[in-house]
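Work through the exercises below with the model open. Try each task before reading its solution.

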Amino acid sequence: MPELSQDAERVRAPLPFGVAEVTGPSMVPTLHHGDRLLVHYGARVRRGDVIVLRHPFQQDLLVVKRAAERRDGGWWVLGDNTYAGGDSTDYGVVPDELVLGRVRFRYRPRSSGRRSPLAVVGWALSSARPVLSARSASRRLRAR
């Protein structure tokens, strides 16, 4: 169920950005275990954005989910992987004060075992990408 490493918490810095590491499968295929994220803390959240939040029941745990819709009292959040769980279907609406920021960019580190030139080129082309919002909400987001 954990989504971000414990040291992902932003240290007081002059810029509102921080780096987090993904752990767990709940955001596959958008994010994978080991991905690094550039998080814009305090950014305005809109429907479809990938966000970082404190877990409602275990607030020392940070998780990353997609903001599915605005509801009374906060955000209904869902993981992109329907089978992983650990989203608002388990803990309900997430209050605004627990939403920390919006994910802007994803960096996927190179695996040590893949050294062929073709593997390096493939990694270089897919390792760094912006994390886009799902503006045209999928059927999964509309269904709940």
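This is a predicted model: local features need pLDDT of at least 70, side-chain atom pairs count only at pLDDT 80 or more; totals for chains, interfaces and linings use all residues.

Residues are numbered from 1 along each chain as its sequence is written, and side-chain values use heavy atoms, with hydrogens and water left out.

**Exercise 1. List the order of the elements in the chain.**

Solution. Count first: the chain has three helices and seven strands. Helices (H or I, at least four residues) and strands (E, at least two) are DSSP runs, numbered from the N terminus. Now read from the N terminus: β-β-β-β-β-α-β-α-β-α. Of the 144 residues, 43% are buried, where buried means under 20% relative accessible area (1.4 Å probe, protein chains only).

**Exercise 2. Find the pairing partners of β3.**

Solution. Start with β4. It pairs with β3 in the antiparallel sense over five bridges; pairing requires at least two DSSP bridges between two strands. Arg54 faces Leu62 in β4. Turn to β6: three bridges join β3 to β6, again antiparallel. Here Ile51 stands opposite Arg102. Finally, check burial. Four of the five residues of β3 are buried, so this strand is largely enclosed by the rest of the structure.

**Exercise 3. Identify what builds the largest nonpolar core.**

Solution. A nonpolar core is a set of buried Ala, Val, Leu, Ile, Met, Phe, Trp, Tyr and Cys residues joined through side-chain atoms within 4.5 Å. The largest has 14 residues; Leu31, Leu37, Val39, Val50, Val52, Val64 and Val103 touch the most other members. At least two residues come from each of β2, β3 (50-54), β4 (62-71) and β6 (99-107). β2 gives the largest share, three residues. A separate core of twelve residues includes Leu61, Tyr91, Val94 and Val99.

**Exercise 4. Is Ser26 buried or exposed?**

Solution. Locate Ser26 in the loop between β1 (17-21) and β2 (36-41). Its relative accessible area is 4%, so Ser26 is buried.

**Exercise 5. Classify the lining of the largest pocket.**

Solution. Residues of the lining include Arg108, Arg110, Arg114, Trp123 and Ser127. By class, four are nonpolar, four polar and three charged.

How values were computed
On a 1 Å grid over the protein atoms alone, a cavity is a set of points where a 1.4 Å probe fits but cannot get out, and a pocket is an open set with protein on both sides within 12 Å along at least five of seven lines; lining residues have an atom within 4 Å of a point. Ala, Val, Leu, Ile, Met, Phe, Trp, Tyr, Cys and Pro count as nonpolar, Asp, Glu, Lys and Arg as charged, and the others, Gly among them, as polar. Buried means under 20% relative accessible area, exposed over 50%, partly exposed in between (1.4 Å probe, protein chains only).
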